[in-house]
Amino acid sequence: MSALLSRTEGPVLILTMNRPQAMNAISPEMACRLADAFTAFDRDDALRVCVLTGAGDRAFCSGGDLATMLPLLTGARAAETEWDRRVLEEPEVMDRSALRRFRLEKPVISAINGHCLAGGFETMLATDIRLSVPEARFGLPEARHALIPFAGALVRLPRELPRPLAMELLLAGGTITADRAAGMGLVNRILPPEELIPEAMRLASRIAANGPLAVRAIKRTVLGSSGLTLDEGYDLEDAARAEVLGSEDAREGPRAFMEKRSPVYEGR
């Protein structure tokens with residue numbers, strides 16, 4: 001079985017990390033397949049939203065596989081497969097697999113079906129909307145293994161949380177409950193397991209029905225303005241406004257509303 005399952009429902013891409021026997025830990029194969037899937041999603045105009053989840057009911061993703069990925073990256077084992085060689089020879093694979101240094105403008109929803117740890121937590125931080133089951137636990141245990149998070153958490157987490165909360169998660173290496181993650185604002189809401197994917201798909205479908213140029217411009221501007229002054233951020237907002245208001249979709253939306261019909265957006 002592939003380490004990553006991919007299917008589509010209309011304009012929604014569903015990616016499932018598929019190593020349930022290993023808590024969906026990120027192997028070299030999974031990293032490469034995630035990188036390739038996100039790249040293909042970015043380039044396919046027919047796809048507008050991605051839902052990312054894990055196989056089984058134990059884990060969303062437990063991070064980099066300590067038996068395969070981490071020994072490869074530390075030099076404790078040599079490359080044995082084509083997946084191994086790609087990880088070592090194509091540095092962008094690791095970045096793209098965690099949406100790091102890869103500016104994906106389409107929304108990604110994480111459906112967190114179980115424990116979300118280490119690299120899985122970092123991948124979650126790259127997603128735009130996060131739904132979780134009550135049983136999930138969240139954490140960054142890398143320091144306990146004499147490692148550091150290197151898939152974005154050192155930069156992203158202190159931008160999402162107050163610094164003391166971020167530092168506790170990063171330095172102590174403990175875990176928190178889904179309730180506490182939601183209370184911190186890391187997770188949008190908590191759902192029973194049987195409602196997780198249906199709700200993620202309903203949300204994805206609502207977003208996919210919106211104007212695709214507007215959706216991408218919103219995400220691009222929000223991400224791009226992080227860390228900028230207000231005036232610099234407003235410049236990005238002005239550029240997005242000019243792009244979107246000049247589109248045919250921006251004329252179609254109000255026209256459809258006035259005509260009391262569903263809009264037909266073409267992404268132009």
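**Figure 1. The second largest pocket of this predicted model holds about 490 Å³ of space.** Step inside and you will find G63, G64, A118, G119 and E142 closest to the pocket centre, out of 30 lining residues. By class, the lining residues of the second largest pocket divide into 17 nonpolar, 8 polar and 5 charged.

**Figure 2. The largest pocket has a volume of about 920 Å³.** Here 29 residues form the lining, and R103, L125, R156, R159 and L223 are the ones closest to the centre. Strand β7 (129-132) joins helices α6 (153-160) and α10 (212-224) as the elements that supply two or more lining residues. Among these, α6 gives the most, with 5 residues. The lining of the largest pocket is made up of 15 nonpolar, 5 polar and 9 charged residues.

**Figure 3. Helices α1 and α3 pack at an angle of about 65°.** A quick reminder for this view: two packed helices are described by the angle between their axes and the distance between the axes. In this pair, α1 covers residues 28-43 and α3 covers residues 82-89, with the axes 8 Å apart. The crossing of α1 and α3 is left-handed.

**Figure 4. A closer look at the residues where α1 meets α3.** From α1 come P28, E29, C32, R33 and D36, while α3 brings W83, D84, R86 and V87. The contact of α1 with α3 has 4 nonpolar and 5 charged residues, and no polar ones.

Notes
Residues numbered from 1 in each chain as written. Predicted model: local features only at pLDDT ≥ 70, side-chain atom pairs only at ≥ 80, totals over all residues. Heavy atoms only, no water. Axes fitted to C-alpha atoms, helices over the stretch in contact; angles between N-to-C directions. Helix = DSSP H or I, 4+ residues; strand = E, 2+ residues; numbered from the N terminus. Left-handed = near helix turned anticlockwise from the far one by under 90°. Contact = heavy atoms within 4.5 Å. Nonpolar A, V, L, I, M, F, W, Y, C, P; charged D, E, K, R; others polar. 1 Å grid on protein atoms, 1.4 Å probe; cavity = no way out; pocket = protein on both sides within 12 Å on 5 of 7 lines; lining within 4 Å. Points joined across faces, edges and corners; volume = space filled by probe spheres on them.
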